[in-house]
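The points below are grouped by topic.

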Amino acid sequence: MSERPLNGMVPVVERIAREAGEIAMQGYRAGTAVRKKGAIDLVTEFDVACEVHILAELRRAFPEIRVVAEESHDPSIADRPEELVFYVDPIDGTMNYAHGHPFFCASIGLSRAGAPLLGVIHAPALGVTWSGSIEGPAMRNSELCKVAERDEVIDFLCATGFPRDRASNPDNNYSEFVHIKNRVRGVRRCGSAALDLAMVADGTYDVYWEQRLSPWDVAAGAALVLAAGGKMRGFEASAASQRIDVRNGAVIAASSTAYQPFVEMFDTARAQRKG
């Protein structure tokens, strides 16, 4: 542990994320070469270039903290108990980026034993940066972030996503999506978990839920949601799921007023799917 105050670390991490955004914008809508990591999972040279920059700068600024990044991580190296870890997604929303869609971002989150501590999410094509820590506050550019205060299900604007194996795995969020979509004002699917979480933190969305995520998708946004007064849990309605762990792959993030009515609706949808 560096024992540095979290809020003192935020400006440094924000600078690094903004620099990565400048690199990403060099290839945005510029005919960037794309290769496939999987059937629908893409990577570009700018994912790699952004990651190289972020890793070098984080290691220079915080040499005592381990860094785990999407494109270069070694899955055989597990987190040690109580270890501080930076989780980095150099371009969250690569599919959007590759298609010229503006919903992508650099996401840098700090956690300890899976518990979110600090997050910076920089969306260069949107001109928006979210930053903060659980010491508070969370900020959207120069404005204070605060979760929404709507408490009627019919008024909720939600966001979600679907796993890569959705065509072959029946636990693909389709039935939950339909159940919830029929009861709320709207559900958006914008293709970046980090941005969806940031928009729960700033009050745009009341709720975001998704599963089979990686820690670099969740770590930064989870810290922002908590800093802005939101609540989080995993997918299953068990005591173990109530402690948010950015490594467990499933997340529900909601405003404090939307949390209880949403999880009741969500748990009903899960139960119906399982029969």
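A polar contact is a pair of N or O atoms within 3.5 Å, of which, within protein, one must be able to donate a hydrogen and the other to accept it. The side chains of Asp202 and Trp130 make such a contact, at 2.9 Å. The model is predicted, and the values below are computed from it.

- Asp202 lies in the loop that runs between α5 (193-201) and β12 (207-210).
- Because buried means under 20% relative accessible area, Asp202 counts as buried at 16% relative accessibility.
- Apart from residues up to four places away in sequence, Asp202 touches Trp130, Arg140, Cys145 and Lys146.
- Trp130, the polar partner of Asp202, is also in contact with residues that include Gly119, Val120, Ile121, Met139, Leu195, Ala198, Met199 and Leu224, leaving aside neighbours within four places in sequence.

**Nonpolar cores**

- In soluble globular proteins, nonpolar side chains tend to be buried together.
- The largest nonpolar core holds 38 residues, and Ile121, Trp130, Tyr208 and Met232 are those with the most contacts inside it.
- Two or more residues of this core come from each of β4 (84-92), β6 (115-123), β7 (128-133), α5, α6 (215-227) and β14 (251-254).

**Aromatic pairs**

- The whole structure contains nine aromatic pairs.
- One of them is the stacked pair of Tyr28 and Tyr97, with 6.1 Å centre to centre and 25 degrees between the planes.
- This pair links distant parts of the chain, 69 residues apart: Tyr28 is in the loop between α1 (6-27) and β1 (34-36), and Tyr97 is in helix α3 (residues 94-99).
- Tyr28 counts as buried at 15% relative accessibility, and Tyr97 is buried with a relative accessible area of 2%.
- Trp209 and Phe262 form a tilted pair, with 5.5 Å centre to centre and 45 degrees between the planes.
- That pair also joins distant parts of the chain, with Trp209 in strand β12 and Phe262 in helix α7 (residues 259-274), 53 residues apart.
- Both Trp209 and Phe262 are buried.
- Together with Phe235 and Phe266, Trp209 and Phe262 form one aromatic cluster.

Technical notes:
Residues are numbered from 1 along each chain as its sequence is written. This is a predicted model: local features need pLDDT of at least 70, side-chain atom pairs count only at pLDDT 80 or more; totals for chains, interfaces and linings use all residues. Side-chain values use heavy atoms; hydrogens and water are left out. Helices (H or I, at least four residues) and strands (E, at least two) are DSSP runs, numbered from the N terminus. Buried means under 20% relative accessible area, exposed over 50%, partly exposed in between (1.4 Å probe, protein chains only). Contact means heavy atoms within 4.5 Å. A nonpolar core is a set of buried Ala, Val, Leu, Ile, Met, Phe, Trp, Tyr and Cys residues joined through side-chain atoms within 4.5 Å. Rings of Phe, Tyr and Trp (its six-membered ring) pair if their centres lie within 6.5 Å; planes under 30 degrees apart count as stacked, over 60 as edge-to-face and the rest as tilted.
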